Amino acid sequence: MRSALAWRWGTQVLAQIITWASTIAVVRLLVPGDYGLYAMTQAVVTAVAFLNGQSFATSLIQADKIDERRIGQVFALLLLLNGSLAVALLILAPYAALYYGEPQVEPMLRVQALIFLTIPFAALPQELLARRIEFRSQGLVNLASAVIGASTALTLAWNGFGVWALVYAPIAMFATRAIGLTLAARVLVKPVFDLRGARDLVTFGGALTICQFLWIIQSQSDIVIAGRSFDPHDLGLYSEALFLTLIITGRFLPPVNEVCFPTYAELYKTGQPLGPFFLRVQRTVALVVMPAYVGLSLVAGPAVETLFGAKWLEMVPIVAGLALAMPAFALQIVCSPVTNGMGQPRTHMMTNSAGAVMFPLLFLTGIAYGPPGLVAAWWVGAPALLAFTYALTLPKIGVRWRQLAAALIPAFLATIAMALMVLAVSTALPPLPAPIRLAVLAASGAAVYLAALSIVAREALAEMAAFVLRRKLPPT
């Protein structure tokens, strides 16, 4: 477990450093309108991607036994589904362009259909490696794909390709990942289109597919709704603000879930309690995301100016507002592996159903007030969905609310101390260049947070360090 986390986390961090460096460079070469157009196409691609069959591949992790026939059946499903999605995207492209009122959306979507042709050759080996808890080779492949994607985006943006730099970079990344994972897993199987005997895999994978569909409704509804109301410039501001605030939840937490899911499954199979590990994950994630997001909200101005440049300053209030909702969102994301590891995806389905209803309604209400209305929707939706998820999950694993509160209180108290210090320093500082102001505020906030944590929960400080450095995250 320790080695798996170390490799998965370490390579993920390196890959993200490469991706962020490229993103910061590219965002300075492009304009908000480019990101608005790309956000429109991504909403469509993501909306159809729920049928890419990844969940059927994931079912191999939870299954007690697998053989070559079962692997071949999953491979066949992946080929059928993703081939169909590529064709579907070609058909949907002109209608999406008509919906958004942006003709350029059509050719962009047609090119992005290539992504689905790579997925079968990445999804299957990824889950086979995860089943073996072999994350070293996965991490190295992800690192290589990040380098290829970042290089492609930067090269094309530098040479004036505009929004097409954002289109071609993921294709290069997906293709590299598919080739690398296929080689790393050392598994070459023939697709088996006879699905007899695969009912358990199809049932479990189908349930996760429905969960993914509901998750897509929740996560993409803001872009779909805003795409018709905002112009590309405003949509680009909102989508990039969302990108910045979702860096931790979207980039760092998925690897945590990838490792935790097989760990929960193994604990459940061996009859060990899942509650202690769940509380450890919640506490450790809170120790990282609470100060990170509250801090981002407080330093949004100098952070945006430093990273994105002056032409992106309009998105400062959007970043500051969204960041405050993200701790609850992050804690909710890391809940699903525990019930999925028990072979009970129904809980995950119920929470995603709630999100799929709640968030679109909130976004529809908030859209009349522009980007601030969408931010307010996040303020209401993220905490409400977290509370609902806890209410369904805690009884299944024997965890009480007061145990959960005890696990989260250290991060909460230390974050309050940090916020007060950052506000005080920000008020006292004279006018400074954005990078210097950001460095001073970040350093003072981090120092106070670590000091406060050493007072209220010294053991939590060591646990957070282990989590960030990915040396260990033991199940007990």
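Helices here are DSSP runs of at least four residues, numbered from the N terminus. With that settled, I note that the model I am reading is predicted.

**Entry one: serine 239**
I looked up serine 239 and found its place in helix H11. Is serine 239 buried or exposed? Its relative accessibility is 12%, and buried means under 20%, so serine 239 counts as buried. I then followed its side chain, which reaches the backbone oxygen of glycine 236 at 3.1 Å. Leaving out residues up to four places away in sequence, I listed Tyr35, Ala39 and Ile223 as what serine 239 touches.

**Entry two: H2 against H11**
Tyr35 and Ala39 belong to H2, which took me to the helix pair. I checked the axes of H2 (residues 32-49) and H11 (residues 232-245): they come within 7 Å and cross at roughly 75°. H2 is therefore roughly perpendicular to H11. On the H2 side I wrote down Pro32, Gly33, Tyr35, Gly36, Ala39 and Met40. Their partners in H11 are Pro232, His233, Leu235, Gly236, Leu237, Ser239 and Glu240.

My next stop was glutamine 112, which lies in helix H5 (residues 105-112). I found glutamine 112 buried, at a relative accessible area of 1%. Which residues does glutamine 112 contact, leaving aside neighbours within four places in sequence? I noted Tyr38, Thr41, Gln42, Val45, Leu89, Val167 and Ile171. For threonine 41 I also looked up the spacing: its C-alpha atom is 8.6 Å from that of glutamine 112, although the two are 71 residues apart along the chain.

Methods
Residues are numbered from 1 along each chain as its sequence is written. This is a predicted model: local features need pLDDT of at least 70, side-chain atom pairs count only at pLDDT 80 or more; totals for chains, interfaces and linings use all residues. Side-chain values use heavy atoms; hydrogens and water are left out. Axes are lines fitted to C-alpha atoms, for helices over the stretch in contact, and angles run from 0 to 180 degrees between N-to-C directions. Angles under 35 degrees count as roughly parallel, over 145 as roughly antiparallel, 65 to 115 as roughly perpendicular and the rest as oblique. Contact means heavy atoms within 4.5 Å. Buried means under 20% relative accessible area, exposed over 50%, partly exposed in between (1.4 Å probe, protein chains only). A polar contact is a pair of N or O atoms within 3.5 Å; within protein, one must be able to donate a hydrogen and the other to accept it, and residues adjacent in sequence count only if both atoms are side-chain atoms.
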